[in-house]
Amino acid sequence: MTDLSMPQTQTRTQSATGKIALRWLLYVLLGLFALYYLMPLFVMLTTSLKSLEEIRTGSLISLPREVSFDAWKTAWSGACTGIQCEGLRPYFWNSVLIAVPAVAISTLLGALNGYVVAQWRFKGANIIFSLMLFGCFIPFQVVLLPMARLLGIMGIAGTIPGLIFVHVIYGLGFTTLFFRNYYVTIPAELTKAARVDGAGFMRIFWSIFLPLSLPIIVVTVIWQFTQIWNDFLFGVSFSQAGTQPVTVALNNIVNSTTGVKEYNVDMAAAIIAGLPTLLVYVVAGKYFIRGLTAGSVKG
């Protein structure tokens, strides 16, 4: 009995040791990948905290010998974006004024569209949804000329409301897709029971579907906010002086050809411009994944 049990014990020990070794190997590989992808952020952060003299004489990946936030102050309120040297501050708030209403409006309209297409079947609903889905794959460049013409007709060309309108229209296909795929997982009997009780179209939406939509709302808000905040093409095409978003201002700062090239200011400006989307993913990243999988299985 003893002779038979010893090989089994050794086999189990070897198997457990092999699993532990594979797990640690996986952790090491993931750690290396994380370091690889975080290295640019590390270089940007350390460079933004150095003086120009230290940048010229030191190593790219070395820590700053003396931490200085002067570059951050310059990037926020003193960097030149052309003939004006007011930093990213006014353009940052322009992006806030564009992103917040555009995200809210496109999310609400997408929820209504998804609700109608998924739960209130009507003739041609699938065709309309297919056309909206097709709009998700139209490149930005294709809509520039017709959108510019439309903004001119409406009298909002070069304004913040015009940029809000552009982002709402372009994002509507995505938000409708998200909500439609989520709402088809909700049993149609729920809508029928509410209609029997006398609830109307909007009452069912506000009282039943919207409270159930928190996971997909989080997904939509993160998606739309990231797309709108990081947009450059629409911002540079449909804005003018005073209404440009932060991405356009960042491009102007980095590509400035006058004076000494201030790499620390460029890096600080890039971090400031990307900080809102980074914070959104850090704070709500796990909810984003949960929301994506929430409507993946019907029933």
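Which two residues form a disulfide, and how far apart are their sulfur atoms? C80 and C85 are joined in this way, with 1.8 Å between the sulfur atoms; a disulfide is a pair of cysteine sulfur atoms within 2.5 Å. Because the torsion about the S-S bond of C80 and C85 is about 85 degrees, the disulfide is right-handed.

The model is predicted, so local features need pLDDT of at least 70 and side-chain atom pairs count only at pLDDT 80 or more, whereas totals for chains, interfaces and linings use all residues. Residues are numbered from 1 along each chain as its sequence is written, and side-chain values use heavy atoms, with hydrogens and water left out.

C80 is partly exposed at 29%, and C85 is partly exposed at 42%. C136, at 8%, is buried.

We turn now to the interior. A nonpolar core is a set of buried Ala, Val, Leu, Ile, Met, Phe, Trp, Tyr and Cys residues joined through side-chain atoms within 4.5 Å. The largest one here has 54 residues, and those with the most contacts inside it are L88, Y183, F209, F234 and F238. Domain 1 (2-75) and domain 2 (81-294) both contribute residues, so this core lies between them; the domain bounds come from an automatic or database domain assignment.

L88 is in contact (heavy atoms within 4.5 Å) with several residues beyond its neighbours within four places in sequence, including A75, W76, V246 and I272.

Terms used. Buried < 20%, exposed > 50% of the residue type's maximum accessible area, 1.4 Å probe, protein only.
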